[in-house]
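Q: Got a model open here and want a quick walk through its build. Can we take it topic by topic?

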Amino acid sequence: MIDKTAVIHPSAQIAEDAIIGPNVVIGEGVKIGSGTRVIANAYIEFAEIGKNCTISPFATIGSEPQDLGYKGEPTKVVIGDETIIKENVTIHRGAACGDCTTRVGNKCLLMVGSHVAHNCVLEDQVILANLVTLGGHVHVGFGAFVGGMSVFHQNVRIGSMSIVSGFSAARQDVLPYSKGDGRPAAPVGINVIALKRRGVPLEVRTAVNAAFKLLTSSEYNTTQAIEKIKAELPETPSKRFEKYTTKFALPEYDANILISEKFISDYFEKIKAEIEMNEYIENMIEFVQSSKRGVMLKRHKSMGASMVEG
């Protein structure tokens with residue numbers, strides 16, 4: 001249903017069951033998926049929006065990036081399915097670099113007044129609270145929660161399943177699975193609640209916490225901490241796999257022996273648990289080692305926090 005007061009560009013592609021409210025303006029280059037609601041007074045251009053999304057009043061999606069180098073090149077915004085965009089949110093389309101796209105994933109929630117700048121990437125299930133401001137090219141990992149009125153410098157990465165407290169700010173990357181707090185946002189622990197909600201087992205959470213404590217310890221620099229993690233915590237999946245073939249090897253096939261379903265199930269559950277534990281720890285290590293801006297790892301009494309290069 002399209003309200004008679006809406007202004008729709010001829011090139012717009014709108015699903016038959018989408019709802020377009022009063023005074024909505026839909027400009028050039030827009031695709032809107034099935035079941036999506038665009039409520040009164042929203043403005044959209046150069047954007048692809050998935051299924052069952054909600055776009056609230058006065059949201060602006062796809063307008064020109066705040067980049068002085070932008071000269072009208074064809075760029076866009078892509079938003080996944082079941083994402084909620086609240087009032088006065090702004091999502092700018094990409095600048096003419098990279099894939100020229102600003103991306104918001106599935107099942108995200110962008111609360112009132114939050115801003116997503118050009119070429120940002122928000123993975124699935126990200127939550128931005130009121131008035132969060134992301135500079136250009138910020139990458140927000142899966143399931144991250146960013147507290148209200150927080151500000152992030154361009155090119156910063158916010159790790160998966162991390163949480164950043166309200167009124168924080170960061171010029172460096174925020175560690176995955178961590179709780180960040182302050183200006184700058186230094187890690188104060190792991191985000192246990194998020195890990196629990198996503199079904200991460202206790203033994204995996206314990207291993208992640210041990211790795212976190214080593215990375216943030218004042219006793220070690222980053223290189224030393226990573227070496228200690230690799231030495232003391234579970235081995236990588238590739239190394240473990242070789243051991244599984246012997247340690248957890250299935251019995252040699254014998255037509256007279258019937259292997260129970262429970263045995264098979266327990267066998268693979270054991271492997272899955274070991275690999276999952278390594279996956280989280282390896283993600284943390286890779287995140288630190290691949291950082292271009294450095295990762296905030298240490299908090300100092302004199303200055304609140306200090307950057308540690310990745």
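Q: Which residues have the most contacts inside the largest nonpolar core?
A: Ile61, Ile91, Leu110, Leu122, Leu134, Phe152 and Ile158. That core has 44 residues. A nonpolar core here is a set of buried Ala, Val, Leu, Ile, Met, Phe, Trp, Tyr and Cys residues joined through side-chain atoms within 4.5 Å. Buried means under 20% relative accessible area, exposed over 50%, and partly exposed in between (1.4 Å probe, protein chains only).

Q: What should I know about the model itself?
A: It is predicted: local features need pLDDT of at least 70, side-chain atom pairs count only at pLDDT 80 or more, and totals for chains, interfaces and linings use all residues. Residues are numbered from 1 along each chain as its sequence is written, and side-chain values use heavy atoms, with hydrogens and water left out.

Q: What is isoleucine 61 in contact with?
A: Leaving out neighbours within four places in sequence, isoleucine 61 touches Tyr43, Ile44, Glu45, Ala47, Ile49, Ile55, Val77, Ile79, Ile85 and Ile91. Contact means heavy atoms within 4.5 Å.

Q: And the second core, how many residues?
A: 26, in a separate core that includes Ala207, Val208, Ala225 and Ile229.

Q: Now the sheet. What is the strand order?
A: β2-β5-β8-β11-β14-β17-β20-β23, eight strands in an open sheet with parallel pairing. Two strands pair if DSSP finds at least two bridges between them.

Q: How many bridges join β14 to β17?
A: Two, between β14 (residues 101-104) and β17 (residues 121-122). Valine 104 stands opposite leucine 122 there.

Q: Where is valine 24?
A: In the loop between β3 (19-20) and β4 (25-26). Valine 24 is buried, at 0% relative accessibility. Its contacts beyond four places in sequence are Ala6, Val7, Val38, Ile39, Ala40, Asn41 and Ala42. Valine 7 is 17 residues away in sequence, and 6.2 Å away C-alpha to C-alpha.

Q: Switching to charges. How many salt bridges?
A: Seven. A salt bridge is a side-chain nitrogen of Lys or Arg within 4 Å of a carboxyl oxygen of Asp or Glu. One of them joins glutamate 45 to arginine 93, with the closest N and O atoms 3.1 Å apart. Glutamate 45 sits in the loop between β7 (43-44) and β8, and arginine 93 in the loop between β13 (90-92) and β14, so the pair ties together parts 48 residues apart in sequence.

Q: Is that pair buried or exposed?
A: Buried: glutamate 45 is at 14% relative accessibility, and arginine 93 at 5%. Glu45, Glu64 and Arg93 are linked in a salt-bridge network.

Q: What about lysine 76?
A: Lysine 76 bridges to glutamate 48, at 3.2 Å between the closest N and O atoms. Lysine 76 is in β11 and glutamate 48 in β8, so the pair ties together parts 28 residues apart in sequence. Lysine 76 is partly exposed at 30%, and glutamate 48 is partly exposed at 27%.

Note on methods: Helices (H or I, at least four residues) and strands (E, at least two) are DSSP runs, numbered from the N terminus.
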